[in-house]
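Subject: Structure for you to look at

Hello,

Here is the structure I said I would pass on, with the sequence alongside. Please open it first, then read my notes below.

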Amino acid sequence: MDCEGCELKVRNALSSMKGVQSVEINRKQYKVTVQGFVEPHKVVKRVQATGKKAEIWPYIPYNLVAHPYAAQTYDKKAPPGYVRRQDAVMPVASYGSGPGAAQEERLTTMFSDDNPNACSIM
């Protein structure tokens, strides 16, 4: 989007969608933020129908990532204060017996109200 006409065209297309509560456009970052109850792929399709290139924003603020400068997340093309979105792969804890069950038990009791030292961990 390089002009107000393009911005207005995209804003009107998105704000007319059912479930959209607000549309914010940042022309400097080429970013459109849509808030509401809509599916992301439908928003992308609606923007593409206006003739503009669209994709899901691949960056998130670096303070939301555990390791923001890891090889997978750091991106030189990202705007200042943002890193590439990476889905964290967490191991699935096994229920029942085994090493996973012992660790899960420690984690659930660590933050329970019955533990008097719970606040000191946080």
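Tyr30 counts as exposed, because its relative accessibility is 61% (exposed means over 50% relative accessible area, buried under 20%, and partly exposed in between, with a 1.4 Å probe and protein chains only). Tyr30 sits in the loop between β1 and β2. Its phi is positive, about 55 degrees, although Tyr30 is not a glycine. The hairpin of β1 and β2 has four residues between the strands.

Before going further, note that this is a predicted model, in which local features need pLDDT of at least 70, side-chain atom pairs count only at pLDDT 80 or more, and totals for chains, interfaces and linings use all residues. Residues are numbered from 1 along each chain as its sequence is written, and side-chain values use heavy atoms, with hydrogens and water left out.

Lys28 lies in that loop between β1 and β2 as well. Lys28 is exposed because its relative accessible area is 78%. Along the sequence Lys28 and Met1 are 27 residues apart, while their C-alpha atoms are 9.0 Å apart in space.

Now the overall layout. The chain has four helices and four strands, in the order α-β-β-α-β-β-α-α from the N terminus. Helices (H or I, at least four residues) and strands (E, at least two) are DSSP runs, numbered from the N terminus. Of the 122 residues, 23% count as buried. The accessible surface of the chain is about 9,700 Å², and carbon and sulfur atoms account for 54% of it; the method is Shrake-Rupley with a 1.4 Å probe.

Strands β1 (residues 20–26) and β2 (residues 31–36) pair in the antiparallel sense over six bridges (two strands pair if DSSP finds at least two bridges between them). In this pairing, Ser22 of the chain stands opposite Gln35 in β2.

Helix α1 covers residues 4–15, and its twelve residues should span 16 Å at 1.5 Å a residue; the end C-alpha atoms are 16 Å apart, which agrees. The expected span is 1.5 Å times one less than the number of residues. Cys6, Glu7, Val10, Ala13 and Leu14 are the buried residues to look for in α1. Seen down the axis, the buried residues of α1 fall within an arc of 135 degrees, so they line one face of the helix; the arc is that of the directions from the helix axis to the C-beta atoms. Their cover includes β1, β2 and α2.

In α2, the buried residues are Val43, Val44 and Val47. They fall within an arc of 100 degrees seen down the axis, so they too line one face of the helix. The face turned away from the buried side carries the exposed residues Lys45 and Ala49. Just after α2, Gly51 takes a positive phi of about 95 degrees.

Which residues make up the largest nonpolar core? There are twelve, among them Met1, Cys6, Leu14, Ile25, Val43 and Ala54. A nonpolar core is a set of buried Ala, Val, Leu, Ile, Met, Phe, Trp, Tyr and Cys residues joined through side-chain atoms within 4.5 Å. Helix α1, strand β1 and helix α2 each supply at least two residues of this core. Leaving aside neighbours within four places in sequence, Ala54 is in contact (heavy atoms within 4.5 Å) with Val44, Val47 and Gln48.

Regards
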